[in-house]
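Here is the note on the structure that was asked for. Please read it with the sequence and the 3D view open.

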Amino acid sequence: MKSKKLLAGLLSLSILFASACSNDVESPKEETKTEEKASSNSGTFEGVGKGLNGDVKIELTYEDGEIKDVKVVEHKESEGIADPALEQIPAKIVEEQNINVDTVSGATVTSTAIIDAVKQALEAAGANADDFIKEAEETSKEGQTIEKEYDVVVVGGGGSGLAAAVAALEEDASVLVLEKMPAVGGSTIIAGGQYNAVDKPRQEKMPMRKDTFESVKSYYEEEAKNDLHQELMDKLKDQVSEYEKGDMETTFDSVELHALQTYRGGDYVGDLNLIYQFTKGAEESVGILEGLGVDFVDEVFTVTGALWPRTHQFVKPLTTGPIEAYMEHIEKAGDKAEIMYEAAAEKLIVEDGKVVGVEAKKGNDKIIARAKNGVVMATGGFARNSELVKKYGIHWEGLEELGSTNAVSATGDGIIMGEEVGANLVGMEWIQLLPVGDPETGGMQGNISINAANQLFVNNQGKRFVAEDERRDVLTQGLMEQDGKEMWILHDAHEYTDETVKNDFNEEIGDLVEKGVAVKGDTIEELAEAMGVSPENLRATVDDYNKVVAGEKEDDFGKKLLQDPFDKAPFYASRRVPTIHHTMGGLEINELCQVVDKDGNVIPGLYAAGEVTGGIHGSNRLGGNAIPDTVVNGRIAGKSAAQKK
């Protein structure tokens, strides 16, 4: 089992949400091995298809009516993310002599771009592309029953599931991961990779604005909801007092502040014990991931809805760094670990009141996966299950009209299976919308948001309408009240210092402008014209904002996280709409990540972590809290299961 092949398999889910690509491309150029290619019908020919980030060019070797080779020679697709399509589609076409091959993990843009490019190359060779379109053969092969037995069975190969698998292996347990998709990664692999954690060494390199710091005090000046709340407020007050004795120049932070912001940010609905465990674990997890070989960018920032500058970014695109590290660790375990792909879990096996395994289906085969120590449920949320969204999404109108940033695998399978064995569900009514969805796909591609302290949200009238450092539900509610439920995210050259700077989805700003996903102006007026908004309004908006940054006035919307003025050309904007992003509710767990039943009792043998659970994020998840949640609680669940807790 080769690491690169494994990683290629796990990354393809990130492009499931893009729209179908266009065939409107330039005429292909030819490079022939012989001057008589027209008569011999042999040679090397070029084709071009429209990929996610630009043109995908291929070279096709054609001899005596057969496709001998297909090579991708040029592309701008995200490194790692598009690897499965770039590697698998050409090989399939050559092997099957067929351009009607299955795209990788669904109808992906990169896969389709390669197929379109091959069509062009065939036409350039004088061949009829229709001759290479074959119907897939249907199989009626009778299925068999496959029995497996491991110490721990993990259902779901996303961030939480793989973190659980690695943690269980560290406890010397054997592990089976059941993943219903053809690749691991789930919604984690397509997330922007923002990672909230207290990190004093990195935060000490950042300046602290006085007005930003003053907002901390509100977190210990409110009425306590419970004893732990009071304890955390008292600790924070002491920490602030100690900080004020120093020079107060570097960024202040603590796990207590992170916990209190998460608690209040979720309207005090979350379990504060779980929240505090999470924020302490998040701080520790940075070193744990680095120990696994995961590299972080050295600077921290504030992602949209994070409330505080503690957001980390991985060096590798999106969340490929942690997923790749997990896979390498699992690979090294040899026979002690196995991942079964396209194995859809359907039912938990319960004997004598204890969960002892999982029934799954893989094609026509039935899988009986027995767990000697425990089963970890890590199947993600239910954003892609329209029935559950309609049933539980009582706080928003028109959810059925929205797209989602989640993987297509996020259909609530673990919640359904857990409830069938008596698990209690908590917080199911809390569904988070994100105000930065792509207008066509609902995904987050093309989102130029980098740092909440420097971004502006502007409506189609060229006016701000909300504090850009607010909670995500507040931001989205503000967006929902704008004309067409549309807005623009604005950044300038303080963030996008040149055309090659990439957003959180590994897309260069220059490419986004070229594709029309983002617009650009060398002046505020030019930007307004490109956006189609009033230049006078946008100029007034920017001038007013810059006065706030300069400390000349209070922000009309109450923004506290402020950094640079919006005055450095060129200026950029991207149009955004609301999209379903995270489901905060799910299986109730305790601090050992044991699943709890409707009577408050632990269900023996069943553990859960990640978005399949409820109780941590309350009514609203802070931006940047999801990925550390998968790490912290995934590891707890894996260790608890391995140790039979």
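This is a predicted model: local features need pLDDT of at least 70, side-chain atom pairs count only at pLDDT 80 or more; totals for chains, interfaces and linings use all residues.

1. Helix α10 covers residues 255–265 and helix α11 covers residues 272–291. The two pack with their axes 9 Å apart, at an angle of about 135°. The crossing of α10 and α11 is right-handed.

2. The contact between the helices. On the α10 side, the contact is made by Val255, Glu256, His258, Ala259, Thr262 and Tyr263. On the α11 side, the residues are Leu272, Ile275, Tyr276, Phe278, Thr279, Lys280 and Glu283. By type, the residues of this contact between α10 and α11 divide into seven nonpolar, three polar and three charged.

3. Strand β18. How many of the 13 residues of strand β18 are buried? The count is 12, so the strand, residues 571–583, is mostly covered.

4. Partners of β18. Strand β14 (residues 431–437) runs antiparallel to β18, and five bridges join them. Within this pairing, Ile431 has Thr583 of β18 as its bridge partner. Strand β16 (residues 487–491) also pairs with β18 in the antiparallel sense, over five bridges. Here Met487 stands opposite Arg576 in β18. Strand β17 (residues 518–521) pairs with β18 over four bridges, again in the antiparallel sense. Gly521 has Phe571 as its bridge partner in β18.

5. Leu433. This residue is found in strand β14. Is Leu433 buried or exposed? Leu433 is buried, because its relative accessible area is 0% and the cut-off for buried is under 20%.

6. Surroundings of Leu433. Which residues is Leu433 in contact with, leaving aside its neighbours within four places in sequence? They are Trp396, Leu399, Leu402, Arg472, Thr476, Met480, Thr579, Ile580 and His581. A separate distance can be checked in the 3D view: the C-alpha atoms of Leu433 and Gly403 are separated by 9.9 Å. Along the chain, Leu433 and Gly403 are 30 residues apart.

How values were computed. Residues are numbered from 1 along each chain as its sequence is written. Side-chain values use heavy atoms; hydrogens and water are left out. Axes are lines fitted to C-alpha atoms, for helices over the stretch in contact, and angles run from 0 to 180 degrees between N-to-C directions. A crossing is left-handed if the near helix is turned anticlockwise from the far one by less than a right angle, and right-handed if clockwise. Contact means heavy atoms within 4.5 Å. Ala, Val, Leu, Ile, Met, Phe, Trp, Tyr, Cys and Pro count as nonpolar, Asp, Glu, Lys and Arg as charged, and the others, Gly among them, as polar. Buried means under 20% relative accessible area, exposed over 50%, partly exposed in between (1.4 Å probe, protein chains only). Two strands pair if DSSP finds at least two bridges between them.
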